[in-house]
Amino acid sequence: MNKGLPERALILCAGGGIGDSLVASVVARALRARFDPIDALALPAHAAALERVPDFDRILVDEGGSQRDLAARVARGCYKAAVVTWATSRSASIAQVAGIPIRVGQSHRLYSHRFTHRVDVRSEAGDVTSHWSQILLDYARSLGCDTDDAAPAFVPTHADDAECDALLASLGLSGRAFAIVHPANAVASERGIWPTQGWAALAGALRERLSVPVLVSGSAADTAIVDDVARGGGAIAIAGRTSIGGFGALARRALVFAGITTGSMHVAAAVGAPTVGIFPFQTDTPERWAPLGKRTSIVRASFPCRPGERKETCPDYACIAHLDVARIVTAVESLLSAPAVAP
């Protein structure tokens, strides 16, 4: 290694959802054994989240312009290594065109020849039990780097806390305990057929069992779903009322977060909130996408979905309509009564 210059590394995670990018941040933690500083290349929608991840030093944003222009901007970082955790032809090409000498990515793709270190992805060989963090850490391991702590970290800023304070004050909840229910994933608002009665029953049950107000969270696109859940469960709708940082600050103060598997679940776990991840579909893989943190739990699918049913194509979302409220409430109570453990 050149002792005169820092050995810089870049994580290319410009794809997927916020949860994918947060989980990819553990690769940066592992690379600290050999590289420093470590930056990330992310999508615009993920930048604010990754700016709050202490494992990254700087966030570059892929605005979707010219591949050559982006590669030139990346080249100015003088990176020794690039790890492409969300590989596409574009991201693989950028690392190579930027002249980064060590390039790590997945094997068995048309663009894999652009990588100097090619990793066989366990899930492509039928592994459905390894957590995605461990699958991505195989990329770091190919460079002799690893970490025993695979739980992502998310640190809200002072501005995020101020945003949270203002929201709680507007709701009359300053200084009060509360729970969060998150009922929608990325396809919920897109298809217009997402049932709300099961989530409303969950919000009402948590409000009664925990004796605290329940906030129902979601993006602005989820407003109709969140409003229905809040009305039916005697809860408070906050869809679209927080930034990603403000949500992280809110989750950090919550008594518990219970929600469907999505980026918000991973943020809640990453700030240290007691987090129950709900995986209602038989095709979900909870071992792979479970929230990671000191106090986390999962509730697996119980409704007998039709074979091969997927969340993107399901005609009725019966598993959501028949959400197993009793099991979720039991998971919440068990989590709150158990001591915190290392992730």
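**Exercise 1. Determine where Tyr317 is found and whether Tyr317 is buried or exposed.**

Solution. Tyr317 is found in the loop between β12 (296-299) and α13 (318-321); helices (H or I, at least four residues) and strands (E, at least two) are DSSP runs, numbered from the N terminus. The model is predicted: local features need pLDDT of at least 70, side-chain atom pairs count only at pLDDT 80 or more, and totals for chains, interfaces and linings use all residues. Residues are numbered from 1 along each chain as its sequence is written, and side-chain values use heavy atoms, with hydrogens and water left out.

Next, consider the backbone. Most residues other than glycine have a negative phi, and most peptide bonds are trans. Tyr317, although not a glycine, has a positive phi of about 50°. Its relative accessible area is 0%, so Tyr317 is buried (buried means under 20% relative accessible area, exposed over 50%, partly exposed in between; 1.4 Å probe, protein chains only).

Finally, Tyr317 forms one aromatic cluster with Trp194 and Phe281.

**Exercise 2. State where His108 lies and whether His108 is buried or exposed.**

Solution. His108 is placed in the loop between β5 (102-106) and β6 (117-119). This residue, also not a glycine, has a positive phi of about 65°. With a relative accessible area of 63%, His108 is exposed.

**Exercise 3. Classify the aromatic pair of Tyr111 and Phe115.**

Solution. Rings of Phe, Tyr and Trp (its six-membered ring) pair if their centres lie within 6.5 Å; planes under 30 degrees apart count as stacked, over 60 as edge-to-face and the rest as tilted. By this rule there are 5 aromatic pairs. For Tyr111 and Phe115, the centres are 6.3 Å apart and the planes stand at 85°, an edge-to-face arrangement. Both Tyr111 and Phe115 are buried.

**Exercise 4. Identify the bond joining Asp36 and Pro37, then follow the chain from β2 to β3.**

Solution. The peptide bond between Asp36 and Pro37 is cis, with omega about 5°. Pro37 lies in the loop between α1 (18-31) and β2.

Strand β2 (residues 38-42) pairs with strand β3 (residues 58-61) in the parallel sense over 4 bridges; pairing requires that DSSP finds at least two bridges between the strands. From β2 the chain crosses through helix α2 (residues 44-50) to β3, in a right-handed β-α-β crossover (with the strands pointing away from the viewer, the path from the first strand over the helix to the second runs clockwise). Within this pairing, Ala42 has Val61 of β3 as its bridge partner.
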